[in-house]
Amino acid sequence: MRVIAKSTLKKFWEQPAYSDAKNPLESWYEETVKSLWLLPQDVKIQYGNASICGNNRVVFNIGGNKYRLVVEIQYRAGIVWVKFIGTHTQYDKINVENVNEY
């Protein structure tokens, strides 16, 4: 899969308050670029705790469930767009299906 954009993840973990997200986000990124997800079920096989939502959105728990990562996946094109990364409190304030923070 092609992830757009790693720079968004990096911008998040470079903030001092979120520096502990660096290793989990890098791991997620490396695993994702090596993946081939053709259907939402493929994501669930690899990430059992991922939440499949409407509008091609998927929510991943990052860093022992400390952070939430929302992506939009275009399965046919093999593209994963980062739409949101934040804490649970920040996540609770968004609408997963239309967030486009980045």
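This report covers aromatic contacts, strand pairing and a surface patch in a predicted model.

## Basis of the values

In this predicted model, local features need pLDDT of at least 70 and side-chain atom pairs count only at pLDDT 80 or more, while totals for chains, interfaces and linings use all residues. Residues are numbered from 1 along each chain as its sequence is written, and side-chain values use heavy atoms, with hydrogens and water left out.

## Aromatic pairs

A search of the whole structure finds eight aromatic pairs, where rings of Phe, Tyr and Trp (its six-membered ring) pair if their centres lie within 6.5 Å, with planes under 30 degrees apart counted as stacked, over 60 as edge-to-face and the rest as tilted. The ring centres of tyrosine 18 and tyrosine 67 are 6.0 Å apart and their planes stand at 90°, so this pair is edge-to-face. It links distant parts of the chain, 49 residues apart, with tyrosine 18 in the loop between helix H1 (6-13) and helix H2 (22-33) and tyrosine 67 in strand E4 (residues 67-74); helices (H or I, at least four residues) and strands (E, at least two) are DSSP runs, numbered from the N terminus. Both tyrosines are buried, a term that means under 20% relative accessible area, with exposed over 50% and partly exposed in between (1.4 Å probe, protein chains only).

Tryptophan 37 and tyrosine 47 form another edge-to-face pair, at 6.3 Å centre to centre and 80° between the planes. Tryptophan 37 is in the loop between H2 and helix H3 (40-46), and tyrosine 47 in the loop between H3 and strand E2 (51-52). Tryptophan 37 counts as buried at 1% relative accessibility, and tyrosine 47 is buried at 16%. Ring pairs link Trp28, Trp37, Tyr47 and Phe60 into a cluster.

## Strand E4 and its partners

Seven of the eight residues of E4 are buried. E4 pairs in the antiparallel sense with strand E3 (residues 57-62) over six bridges and with strand E5 (residues 79-87) over eight bridges, where two strands pair if DSSP finds at least two bridges between them. Tyrosine 67 of E4 is the bridge partner of isoleucine 62, whereas arginine 68 has glycine 86 in E5 as its bridge partner.

The hairpin of E3 and E4 has four residues between the strands, and there glycine 63 takes a positive phi near 65°; in the hairpin of E4 and E5, which has four residues between the strands, glycine 78 takes a positive phi near 70°.

## Exposed loop residue

Leucine 38 lies in the loop between H2 and H3 and is exposed, with a relative accessible area of 52%.
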